[in-house]
Amino acid sequence: MRVVSTSSLPIDLVGQITAALPGTIVDVPAHGHVGLAGVSLADADALICLLLDKIDAHALAAAPSLRVVANCAVGVDNIDLVAAAGANVAVTNTPDVLTEATAEFAFTLMLAVARRLGEGERLVRSGTWGGWALDQLLGVELHGKTLGILGFGRIGQALARRALGFGMRVIYADPHQVSADGTERVTIDQLFLRADVLSLHCPLTPETRRVVDATRLATMKPTAILVNTARGDIVDEGALIDALTAGRLFGAGLDVFVGEPRIEPRLYGCPRLVLAPHIGSATTEARTSMAQLCADAVIAVLSGRRPGNLVTRIP
Ligand code: GLV
């Protein structure tokens with residue numbers, strides 16, 4: 001059997017796979033991400049990949065022996081799940097282990113935007129800071145404000161717990177009612193109207209693609225903050241740029257982008273925008289656990305067992 005990874009991993013993948021499945025060949029790059037172009041899928045039984053790797057019908061056709069794709073991410077929008085099911089390929093992801101890290105990062109962006117940390121950092125580094133001033137870089141307090149959460153799954157709920165600790169009110173919009181003390185479920189329209197901070201935590205699906213569009217942005221308070229640690233395509237980036245440029249929002253924090261890693265150049269010029277390079281789950285703890293879940297899933301499927309975190313049916 002052959003296991004292929006498009007990226008180096010912070011675990012001993014070769015040791016773990018060969019201990020569980022003696023004789024298995026494991027191709028894992030020594031450093032970084034080589035992508036699908038850098039691996040041979042022709043006789044691969046298992047693939048470990050990143051959210052950058054597009055696993056579509058074309059990629060699956062090049063991998064006739066494939067039994068499992070272990071996506072080292074919780075989002076699976078990079079994978080054609082219908083094509084995978086059609087090709088009898090199990091798909092797994094890495095939920096839970098990145099929940100706290102991602103919620104912490106969404107909170108980091110909320111605070112950074114509210115307190116204008118990006119502008120402050122740039123000012124100090126510019127060498128032109130003139131000293132403390134009463135009206136310098138005035139931000140907004142989160143205490144007493146309303147956090148709106150779009151998508152109230154694991155990460156949304158973890159963010160809510162933090163916000164409640166900060167004395168915020170928490171409202172959410174989600175297809176499902178979730179019982180979480182101190183939170184209120186509202187319609188998506190109400191969410192945009194009422195939120196002082198709106199944080200996105202829904203998966204990217206045909207229903208959520210560009211759900212944050214010009215019309216909805218126009219209903220937000222001009223003092224509101226938008227935070228996106230989910231997927232770039234949930235937001236109409238052009239409409240967000242227009243809103244920020246026109247001062248129709250207080251600010252925004254983006255960890256994800258349309259067409260990343262390419263960044264729409266107009267974003268660089270947006271005032272009150274904090275930019276991050278898709279690092280929501282980037283803690284040593286989370287990333288190590290994510291890699292481990294991928295190894296576990298591969299070993300389970302190739303041993304004839306049902307893996308945890310199965311996204312599609314197992315053949
Ligand atoms: C990261 O964005 C993930 O989906 O895990």
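Begin by selecting the ligand together with Leu51, Ala73, Val74, Gly75, Leu98, Arg231 and His278, the residues around it (near means a heavy atom of the residue within 4 Å of the molecule). The model is predicted: local features require pLDDT of at least 70 and side-chain atom pairs pLDDT 80 or more, whereas totals for chains, interfaces and linings use all residues. Residues are numbered from 1 along each chain as its sequence is written, and side-chain values use heavy atoms, with hydrogens and water left out.

**The ligand shell**

A backbone N or O atom of Val74 is 2.7 Å from a ligand oxygen, and a backbone N or O atom of Gly75 is 2.9 Å from a ligand oxygen. From the side chain of Arg231, an N or O atom lies 2.7 Å from an oxygen atom of the ligand. The protein covers 88% of the 190 Å² of accessible area that the ligand has on its own (Shrake-Rupley method, 1.4 Å probe). By class, the shell comprises four nonpolar, two polar and one charged residue; Ala, Val, Leu, Ile, Met, Phe, Trp, Tyr, Cys and Pro count as nonpolar, Asp, Glu, Lys and Arg as charged, and the others, Gly among them, as polar.

Helices (H or I, at least four residues) and strands (E, at least two) are DSSP runs numbered from the N terminus. The whole structure holds 17 salt bridges.

**The second largest pocket**

A pocket is an open set of points on a 1 Å grid over the protein atoms alone, with protein on both sides within 12 Å along at least five of seven lines; lining residues have an atom within 4 Å of a point. This pocket holds about 400 Å³ of space, and its lining has eight nonpolar, four polar and eight charged residues.

Next, select Ala112, Val113, Arg116, Leu117, Gly118, Glu119, Arg122, Phe250, Arg272, Leu273 and Val274, which line the largest cavity (grid points where a 1.4 Å probe fits but cannot get out). Two or more lining residues come from each of α4 (99–114), α5 (117–126) and β12 (273–275), with the largest share, four residues, from α5. About 50 Å³ of space lies inside this cavity.

**Two backbone stops**

Finish with the backbone. The peptide bond from Glu260 to Pro261 is cis, with omega near 10°; Pro261 sits in the loop between β11 (251–254) and α10 (265–268). Asn88, although not a glycine, has a positive phi of about 60°, and it belongs to the loop between α3 and β5 (90–92).

Notes
Polar contact = N/O pair within 3.5 Å; in protein donor to acceptor, adjacent residues only side chain to side chain. Points joined across faces, edges and corners; volume = space filled by probe spheres on them. Salt bridge = Lys/Arg side-chain N within 4 Å of Asp/Glu carboxyl O.
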